[in-house]
Amino acid sequence: ASASAATGAREPPMPSRVLVVGGGRVGAYLARALKDGGVPHVVLKMSNRNRAAPGKTTTGPRGGADTDPTRTGATAIATHAGATCVSAYEDLPEVCDDGKESRAHFDLVFVAVKTYALRAVRDEMDTAGVTFDAIVAAHNGMVDPVFDPSVTARASMPQSWDIVEDAADPCGYRMVVRNEDKPWVLPATPVGERFASVLGRCGVLAVAAPDFEYLLLEKYFINGVANLLCVVGDVNCDGLLASPGLTARSHKIFDEMMEALATDHAAGLALAPENFRDVVFDKVASYGAHYPSSKQDFDAGCALEIDSLNGYVASRARANGCSATENEAVVEEVRRMVDARDAARDAAAVPTRA
């Protein structure tokens, strides 16, 4: 339920036009929920993060040049729900009935892309003349604000999403959601409350929480102790916790995070319970056989969020004069793995001469 619903306050009107940026798991989930919840016009803007750079191929370790199973499934799910999927803003549909507002204006925007793509998303929207009343950034990791703070809210999502092929489903794909009984968390601000209200009325548990700063940190710690280590260990969350070596490393990462973030995130950490460590690792365990998004992206041949995850901890540790050797180590390990993966992909793409 939304914060306004819980307090009996008058709900704001449902939006007519909503833009969801990011054609992955979260974007498809949001587009479907918004359409199912009665939003008339929902546009899913694909992020295009898998488009090949000049001289490159998008063939990943799973094969299939220029194909992305997640993107294909996300498009199918969103389209079947009634959302409009576009790859470029010039393809936005003409849906304005009053003839007054531009087709590039939206009541609300959900940005569900990786942190490394946020600035590119903003620049692309600016170039295309896309305007909005309010915007929410739904992502993992810590980054400096990219959009105007006066109309922006950050969202913390406890769920994980997997898109799998399913011939029995009308669209050919289905979405597996873990922890769907736990709410999206937004700040207790007018923008946060507006988004929480819309999500709640579209069947997505959401709350605008006074303790948002702590809840944001809680999710960040979960990602910090699990995501990149699952790439290193080639494991899911169950496998991470079943490995004594990886578990020991994840606890050392936790300790370093507590010290490195103590100054910059003092307000949020002040609200953490005494058993904060147990809370974090219990929630990692709740994801079970799920592969974190970082591991899925690695396997799909995509770029990874590194700087905004453990890289952020390492940077804050340096700034605050403390040690973060385990965070630094996992960052360097993953960078080397990505470089090796990409080099092997590029080598395989070079034609051989008879």
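Which side chain meets Arg-318 in a salt bridge? In this predicted model, the partner is Glu-328, with 3.9 Å between N and O.

View 1. Because Arg-318 lies in helix H12 and Glu-328 in helix H13, the pair ties together parts that are 10 residues apart in sequence. Arg-318 is exposed, with a relative accessible area of 57%, whereas Glu-328 is partly exposed, at 32%.

**View 2. The salt bridge between Glu-326 and Arg-249.** The closest N and O atoms of this pair are 2.5 Å apart, and since Glu-326 belongs to helix H13 and Arg-249 to helix H8, the bridge ties together parts separated by 77 residues in sequence. Glu-326 is buried, with a relative accessible area of 11%, and Arg-249 also counts as buried, at 19%.

**View 3. The salt bridge between Asp-234 and Lys-295.** The two side chains meet at 2.4 Å, N to O, and link distant parts of the chain, with Asp-234 in the loop between H6 and H7 and Lys-295 in helix H11, 61 residues apart. Asp-234 counts as exposed, at 53% relative accessibility, while Lys-295 counts as buried, at 3%.

**View 4. The largest nonpolar core and the surroundings of Tyr-220.** This core has 46 residues, and those with the most contacts inside it include Tyr-220, Phe-221 and Val-334. Helices supplying at least two residues each include H6, H8 and H13, and H6 gives the most, with 14 residues. Beyond its neighbours up to four places away in sequence, Tyr-220 touches residues including Met-142, Met-257, Leu-261 and Tyr-312. Apart from this core lies another, of 43 residues, among them Tyr-29 and Phe-195.

Definitions and conventions: Residues numbered from 1 in each chain as written. Predicted model: local features only at pLDDT ≥ 70, side-chain atom pairs only at ≥ 80, totals over all residues. Heavy atoms only, no water. Core = buried A, V, L, I, M, F, W, Y, C linked by side-chain atoms within 4.5 Å. Buried < 20%, exposed > 50% of the residue type's maximum accessible area, 1.4 Å probe, protein only. Helix = DSSP H or I, 4+ residues; strand = E, 2+ residues; numbered from the N terminus. Contact = heavy atoms within 4.5 Å. Salt bridge = Lys/Arg side-chain N within 4 Å of Asp/Glu carboxyl O.
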